[in-house]
Amino acid sequence: MTAAGYSVMGVTAVFVATLAVGAYGWRFSRTTSDFFVASRTVRPGLNASAIGGEYLSAASFLGVAGLVLAFGTEMLWYPVGWTAGYLVLLVLVAAPLRRSGAYTLPDFAESRLESRGVRRLSALLVVAIGWLYLMPQFQGAGLALASTTGTGSWLGGLLVATVVLVNVLFGGMRSITFVQAFQYWLKLTALLFPLLFMAAIWLGDGAVSPASVDVADVGGTGDSWVSPLAGVEHEVYTTYSIIIATFLGTMGLPHVVVRFYTNPDGAAARRTTLFVLALLGLFYLLPPVYGGLGRLYAPDLVASGRSESVVLELPSRMLAGTAGELLSALTTAGAFAAFLSTSSGLTVAVAGVISQDVMGRRFGGVRAFQAGAVVAVLVPLGLSLLTEGVGVAQAVGLAFAFAASTLCPLLVLGIWWRRLTDVGAIAGMLVGGGCAGGAVLATLLGVGPEGWGGALLAQPAAWTVPLAFLTMVGVSLVTPRRVPRHAARTMVRLHTPESVQLDRGNPPR
Amino acid sequence: MSESTPRRVRVTSPRTSAARAQRVPAAREIDAQTRLGEVYMSSLIRSQLRLALLALAALTVFVGGIPLVFWLAPDLSDIEVLAVPLPWLLLAFAVYPFLLLVGWLYVRAAERNERAFSDVLDRT
């Protein structure tokens, strides 16, 4: 059998297993609450695996190794930031967000600030960020299938979209939770197992340090490859901007936030997040090693601009014959698990918001959720077929910077600062979102200036996030009469442990 | 003389129930949003916020400080521990146990704050 044959078998197995595990969950999915939040009964262990499975996207599975191979140590800031983002989420948001009792982020915004306007704007942002993040998943699926089996680049995205839609339509969040928990462990195995063989070969070859070899001029060599600072010019600013975007952007991603409502209570939400930190830390030990070994055994990928496929190709390059092809098929299968799980989580989150804020009045309950899911998948699928030029990593980076500049200040100030007003929140989200969105659009379209201006536009988070926070605080302070009437009661709901009998006001719905 | 020293009597409080009724439980203070209730709430929120900021400070200093240190002293990149360059050792491996440790300490302390809060409410 050919290498492509093994890959097709691996990908097919992942699709079949995903549908089978999902079907196991379909039997339990009956009520609206099952569909949206798995009836809030998911235990920390299972829930943490599901969060890990959903969070580790194409960017983590393929992108990190490729970036490390091409650009070196500075790119390790992405996996570090994506993990540290969960620590920030744990200490600032996890328990209060669960205690708010809201289904979606717009629910939280409306119940905290008692305003329909904030609800509408945050719903718009959730859908925008969700689509921005779904688009590269479909594109990545197309590229991965094309590079391993030689099909057209549209097929992978279409297949992933179809499987996701089937699972979400029939099982909602309940079914997706099982699927994603399974996919975390599949992804970990798919990277770890080949790595054991490859590490043995590397040790046999004398354990050469990846930093000691020179690779074509695309990436840095020697000193620059080892340096933890990004790029050559404005390196400190760029590095810190990446740090701010990833540390603070995680909490604003719609598929991350929606998971917290599936915990039974606030304390369980905290423990789940701690579990997730451990699972992410374990996983992110692996992709950089692929990047480092790629420098020794597949340096030509950098020159030919295909460094993102290092995870898919490295096993078959280091191991001769069938063993290498089988291991490459395993990593390809893992990559598809990554596309499927992240797209599923995003689809549930976006569908929840679309069904409640756009269709709620025309359809009810489960029907609206299913209609929302169709829209949530078809729009980014269409966009991914139209805009093939935009890179996977670029679109994901934009999503993080955008989330950090809009939904992060809303969550943090909403939870910890009683005097936040609806006008302040809207102003802050418009300023932060406008600046971050405009800056990255300018970079993508290539109209950004050279030098400092270009650096500020390419990685905008370091100035757009503080600007959004300052606007929210400033405008709230000059509109003190608009502090929500029940703000004190809402703070009781957000911060007191559930074991204490207290009047917590009316939770949303 | 025996008249001047009164007989010993057992002293008891006949008004125990009345005395207890005067103390309003803290939970009711919070529900009625009195001054005292506000004090209870703001002390809980402040202790949790202080804890969160402490964890973020640890993150900022120890992880956020790495680029600054390597920018000020670029020669540190040349150090190798067991054939692994120092920046790799920090960013690819050491940082994850550190994040987990900070998270674990935070969860323990946050749950302790909440227990203290519910103890105060139960005692009153």
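Modeller: A residue is called buried if 20 or more other C-beta atoms lie within 10 Å of its own, exposed if 12 or fewer do, and partly exposed in between, with C-beta atoms placed from the backbone. This is a predicted model, in which local features need pLDDT of at least 70, side-chain atom pairs count only at pLDDT 80 or more, and totals for chains, interfaces and linings use all residues. Residues are numbered from 1 along each chain as its sequence is written, and chains are lettered from A and ligands numbered from 1 in the order in which they are written.

Colleague: Why is A:Ala17 called partly exposed?

Modeller: A:Ala17 has 17 other C-beta atoms within 10 Å; this count falls between the limits of 12 and 20, so the residue is partly exposed. A:Ala17 belongs to helix α1 (residues 3–26) of chain A, where a helix is a DSSP run of H or I with at least four residues, numbered from the N terminus.

Colleague: How do you know that the span of helix α22 of chain A agrees with expectation?

Modeller: The expected span is 1.5 Å times one less than the number of residues. For the 18 residues of α22 (residues 461–478) this gives 26 Å, and the end C-alpha atoms are 26 Å apart, so the two agree. Among the buried residues of α22(A) are A:Val465 and A:Met472.

Colleague: What is the reach of helix α8 of chain A, and how many of its residues are buried?

Modeller: Helix α8 (residues 116–149) has 34 residues and reaches 49 Å, close to the expected 50 Å. Of its 34 residues, 26 are buried. A:Gly150, with a positive phi near 80°, follows α8(A).

Colleague: How many residues of chain A are in contact with chain B?

Modeller: Contact requires C-beta atoms, placed from the backbone, within 7 Å. By that criterion, 44 residues of chain A are in contact with 42 residues of chain B. Helices α5 (77–92) and α13 (266–284) are among those of chain A that each supply at least two residues to this side. A:Leu87 touches A:Leu277 and also residues of chain B, including B:Leu59 and B:Val102.

Colleague: Which element of chain A has the lowest confidence, and which the highest?

Modeller: Confidence is expressed as pLDDT, the predictor's score for each residue from 0 to 100. In chain A, helix α2 (residues 32–37) is lowest, at a mean of 56, and α22(A) is highest, at 94. Chain A averages 81, and 86% of the residues score at least 70.

Notes:
Contact = placed C-beta atoms within 7 Å. Lists of a residue's contacts leave out its neighbours within four places in sequence.
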